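Please open the model in your viewer and keep the selection panel at hand. The stops below go from a single helix to its surroundings, and then to the chain as a whole.

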Amino acid sequence: CIEVGLLQDSGNKSKTGDIAYNVFGKWCVVFALKDKDNHVSGLYFRSTLNDKEAKHFYLKDRSGLYPHYPKPETKKLILTEAIIDAATLLQVPEITAEYSVLACYGTNGLTDEHLKAIKGLKELEEVIFFFDGDQAGAAAVNKYGKALSELLPKIKITAVQTPDGEDINSLAQGHEAEILVHLVN
């Protein structure tokens, strides 16, 4: 746990005089990030204590993708802004039957590992961005849409028109799951 960063030296001594540790990601929901061989290679932590200032944490030297690398036969890939967005879409059978889902790590979180995984999809026909309906989400879709168009000129790049002020989870909480299918279609 110390080696991978789950326990961190608190700078204090315990009652026995030994090193006291803080737990990394305490009070968080934890999601596994997976490598190309589908092994857990990293962890993402999302704080459950404060909705207004919900914090995101990754172990040091973050690697891996959520929920996993897309299957080689992927034809249509949905990129979400966040891991929890992807987890929500994975609960909608009408989406998972037709699309692969891959989470970015925020509006600045389409990493080289993501790009390498996407570029390796030989049957890929379309990449669909499903980011938040806010200025940051729109800017990220514009930025990454251009980058993917240059990287994959024969692939269709599209974006879901997420309603203003909404995200995948707020839509899922306020509506039936069909709204997500409708927006993707």
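Buried here means under 20% relative accessible area, exposed means over 50%, and partly exposed lies in between, with a 1.4 Å probe and protein chains only. Helices (H or I, at least four residues) and strands (E, at least two) are DSSP runs numbered from the N terminus. The model is predicted, so local features need pLDDT of at least 70 and side-chain atom pairs count only at pLDDT 80 or more, while totals for chains, interfaces and linings use all residues. Residues are numbered from 1 along each chain as its sequence is written, and side-chain values use heavy atoms, with hydrogens and water left out.

Select helix H3, residues 112-119, where His-114, Ala-117 and Ile-118 are buried. These residues lie on the same side of H3 because they cover an arc of only 95° around the axis, the arc being that of the directions from the helix axis to the C-beta atoms. Turn to the other side of H3, and you find Asp-112 and Lys-116 exposed.

Which elements cover the buried residues of H3? The cover includes strands S6 (76-80), S7 (100-103) and S8 (126-130), together with helix H4 (135-151).

Next, select Leu-79, which touches, among others, Leu-102, Leu-110, Ile-118, Phe-130 and Leu-148, not counting residues up to four places away in sequence; contact means heavy atoms within 4.5 Å. Leu-79, Ile-95, Ile-118 and Phe-130 have the most contacts inside the largest nonpolar core, which has 44 residues. Such a core is a set of buried Ala, Val, Leu, Ile, Met, Phe, Trp, Tyr and Cys residues joined through side-chain atoms within 4.5 Å.

Move on to Arg-62, in the loop between strand S5 (56-58) and S6, which counts as partly exposed at 37% relative accessibility. Leaving aside residues up to four places away in sequence, Arg-62 touches Leu-33, Tyr-105 and Thr-111. Draw a C-alpha to C-alpha distance from Arg-62 to Glu-94, and the two are 31 Å apart in space and 32 residues apart in sequence.

Finally, show the whole protein chain, which has six helices and nine strands. Its C-alpha atoms fill a box of roughly 60 × 35 × 30 Å, taken along the principal axes. Of the 185 residues in the protein chain, 39% are buried, and residues 24 or more positions apart account for 56% of the contacts with a separation of 6 or more.
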